[in-house]
Amino acid sequence: MYVLVPMPYLFFGSGSSSSASIYGGSSMASGWIDAGKFLTGFSAIGSIAVPAILFHAQKITAGALWTELAAVVVLGATVFAFDFFNSSDSGYYTY
């Protein structure tokens, strides 16, 4: 699941100038970027909500819930790092 969650953002949410040129600079590029971010957000929230519901129903233990939440934090940090390094205009990473 964690391999599939960031895929819509990686494919559609790059926001680079090359994606705008593919669609002729129209708002269609913005629509695909927004769709990728929405699908990634939906999947990430589902990754938090399902274990929380299972914990509330006492189907999983607290340790399993905390492990799941730690995995979501790692996933979120990965997506933010990808966005940070991908948004740089030049080939060099400037902070």
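Which residues in H4 are buried? Keep that selection in mind while the whole chain is on screen, since this is a predicted model and its confidence deserves a look before any side chain does.

**The whole chain**

Colour the protein chain by pLDDT to begin: the average is 75, and 64% of the residues score at least 70. Confidence is lowest in helix H2 (residues 17-22), where the mean is 49, and highest in helix H4 (residues 62-86), where it is 86. Where pLDDT is low, the predicted coordinates should not be read in detail.

Of the 95 residues in the protein chain, buried residues make up 18%. The protein chain exposes about 6700 Å², with carbon and sulfur atoms supplying 72% of that area. Among contacts in the protein chain with a separation of 6 or more, residues 24 or more positions apart account for 56%.

**Helix H4**

Select residues 62-86, which form H4, and display the side chains of Leu65, Glu68, Val72, Leu75 and Val79: these are the buried residues that answer the opening question. A distance drawn between the end C-alpha atoms of H4 reads 36 Å, which agrees with the 36 Å that its 25 residues should span at 1.5 Å a residue.

Step back to glutamine 58, which lies in the loop between H3 and H4. Its phi is near 60°, a positive value in a residue other than glycine. Glutamine 58 has a relative accessible area of 71%, and because this is over the 50% cut-off the residue counts as exposed.

**Helix H3**

Now select phenylalanine 38 and phenylalanine 42, which form a stacked aromatic pair with 6.1 Å centre to centre and 25° between the planes. The pair counts as stacked because its angle of 25° falls under 30 degrees. The count for the model comes to one aromatic pair. Phenylalanine 38 and phenylalanine 42 are four residues apart in helix H3 (residues 27-56), so about one helical turn separates them. An α-helix has 3.6 residues a turn, so residues three or four places apart point the same way. Both phenylalanine 38 and phenylalanine 42 are exposed.

Finish at leucine 39, also found in helix H3. Its relative accessible area is 38%, and because that value lies between 20% and 50%, leucine 39 is classed as partly exposed.

Conventions:
Residues are numbered from 1 along each chain as its sequence is written. This is a predicted model: local features need pLDDT of at least 70, side-chain atom pairs count only at pLDDT 80 or more; totals for chains, interfaces and linings use all residues. Side-chain values use heavy atoms; hydrogens and water are left out. Rings of Phe, Tyr and Trp (its six-membered ring) pair if their centres lie within 6.5 Å; planes under 30 degrees apart count as stacked, over 60 as edge-to-face and the rest as tilted. Helices (H or I, at least four residues) and strands (E, at least two) are DSSP runs, numbered from the N terminus. Buried means under 20% relative accessible area, exposed over 50%, partly exposed in between (1.4 Å probe, protein chains only). pLDDT is the predictor's confidence in each residue, from 0 to 100. Contact means heavy atoms within 4.5 Å. Accessible areas come from the Shrake-Rupley method with a 1.4 Å probe; for residues, only the protein chains shown count as cover. The expected span of a helix is 1.5 Å times one less than its number of residues.
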